[in-house]
Amino acid sequence: ERGVLVWVRVAAARNSECWSAQYTEEICCQPPAGNEACWSGSFTYHRCCKPDAELGEGPPPAGPVKLANGNLKSWPVDAGPPLLRHLERLRTGHTLCSDHATQYQGWIQEIMENWRDHGELPETLGVEVAWVDYVPYFEDCPQAVLLAVLAKVLRLLNSIQHAEVAVRRYSAPFTFDLFLYYVVIKYWVVDLYREAGGPGAQAWAGGWPLEELEHGVWCGYARVWDSVWPKRDYCGCVEVYDQYVTMHTTFDTFIRPRDPYYASRLFAQGTMLHNYTRRVRDCDRWLHANPLRIFQVYAMGSGCLPQAVQENFLCTQQWLLAGELTAVVNNLELLVKLTTLSADCLESAEWPFTKQDVLYNYARAARLVPGMGDEKASPQQAQDLAWSPAPARSAPRSLCSTAQCAADLGPACVHGGRLVSFTDTSYPPDTPVLACSEMDRLPVPLDWRGEA
């Protein structure tokens, strides 16, 4: 079995004497031991690549895993009681969002008119009060709080988009906490409605335009990252194609995370899934790693976001078997951040999970953080957090990316540096199409000919 996380590039300084046009860091420095074809004599992985301990190379530190996001200790404590009171009010006949109906309608109108007409939001919004004084709004209408959070994230992303590149790169991650808070509350509402037989998981938005604004947030992140790393294509999945196909097949054949019996298969000793997950290598190296640091390296080096999700998924499930719930939460939070790089990857092709699956599993784990200690979880606690598909499926929406790296050209060939298609396509003559790899997007001229 190949080690997981092999496509995370080591971000330490390198010995420049090691490299040539044929042997580069990109080709040679793939953890855990690099590309064997690169090494001979004095040229070794240790000398040339200098593994970075912060990214998980070398022995892991001793002691319990530390929670990466301290906010998770307070979010469920603050939001839980008023959300439960909200559910009790619905059970006793209270109409959803009826206490301040006129005020709510004004908030929605103010946001949507600015968003749909101008693509951005003003500096001050009436809905801000639902963020500042959230307890009564949780009890009557948690959708108002969710609207306030999305409005904040959208405004921040728009502001960052107009900043210099360096500011975008280092400022955008500071919006994550707001978006993570939205994710936790959204799926708490979904689960409460579903378990109580209330409005239903599909009606979690209560008629509010939350899905439309959430889609705006995904596209806002896509624009920011595309402006920071304009040549990266996170959906390419082209280079090292054989490994991607092998991993995809492994998920489709016996991991099957959408299987309703996934949890029982994972925790039943002796099953193929249990044994495979136990044997995944190198996960212990990442227990104490800095999640934000890992995110930054994926952002700079990954050419296949779904593969990154698959790699981290396997370690998350291994830590679940070991009862390391803090590590599980940390890694699921990393997965949410990774999906912001290009959520289109998980929506435009058939992968064994969706971006909503990623968000849902993070939210479920985050709600348990206040009750977590340094001790490991019991098997039952761990099994309750085994991967589960999201109950609420968002309506299909247009993709955020404007760079399409796949096109159905029918019979075609390459001649003289140009693509020649013998099928009438939707592309006008001489329109360049994008040929994408992990490292770049190259426009290739397209000719159309009526016959071969």
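Predicted model: local features only at pLDDT ≥ 70, side-chain atom pairs only at ≥ 80, totals over all residues.
Leaving aside its neighbours within four places in sequence, which residues is threonine 326 in contact with? The legends below take this residue as their starting point.

View 1. Residues are numbered from 1 along each chain as its sequence is written, and side-chain values use heavy atoms, with hydrogens and water left out. Threonine 326 lies in helix 16, residues 325-339 (helices, H or I, of at least four residues are DSSP runs, numbered from the N terminus). Apart from neighbours within four places in sequence, threonine 326 is in contact with Val65, Lys66, Leu67 and Met372, where contact means heavy atoms within 4.5 Å. Threonine 326 counts as buried because its relative accessibility is 13%, buried being under 20% relative accessible area with a 1.4 Å probe and protein chains only.

**View 2. An edge-to-face pair of phenylalanines.** The structure holds 19 aromatic pairs, that is, rings of Phe, Tyr and Trp (its six-membered ring) whose centres lie within 6.5 Å. Phenylalanine 251 and phenylalanine 353 form an edge-to-face pair, with 6.2 Å from centre to centre and 85° between the planes; planes over 60 degrees apart count as edge-to-face. This pair links distant parts of the chain, 102 residues apart, since phenylalanine 251 is in helix 11 (residues 241-255) and phenylalanine 353 is in the loop between helix 17 (344-347) and helix 18 (355-366). Both phenylalanine 251 and phenylalanine 353 are buried.

**View 3. Helix 7 against helix 9.** The axes of helix 7 (residues 142-161) and helix 9 (residues 176-195) come within 9 Å and cross at roughly 155°, the axes being lines fitted to C-alpha atoms over the stretch in contact, with angles from 0 to 180 degrees between N-to-C directions. That makes helix 7 roughly antiparallel to helix 9, a description used for angles over 145 degrees. Among the residues that make the contact are Leu146 and Val149 of helix 7, and Phe179 and Ile185 of helix 9.

**View 4. Cysteine 219 and cysteine 400.** Cysteine 219 has its place in helix 10, residues 210-228, and is buried, with a relative accessible area of 13%. Although cysteine 219 and cysteine 400 are 181 residues apart along the chain, their C-alpha atoms are separated by 5.0 Å.

Key. Helix = DSSP H or I, 4+ residues; strand = E, 2+ residues; numbered from the N terminus. Buried < 20%, exposed > 50% of the residue type's maximum accessible area, 1.4 Å probe, protein only. Phe/Tyr/Trp six-rings, centres within 6.5 Å; stacked < 30°, edge-to-face > 60°. Parallel < 35°, antiparallel > 145°, perpendicular 65-115°, else oblique.
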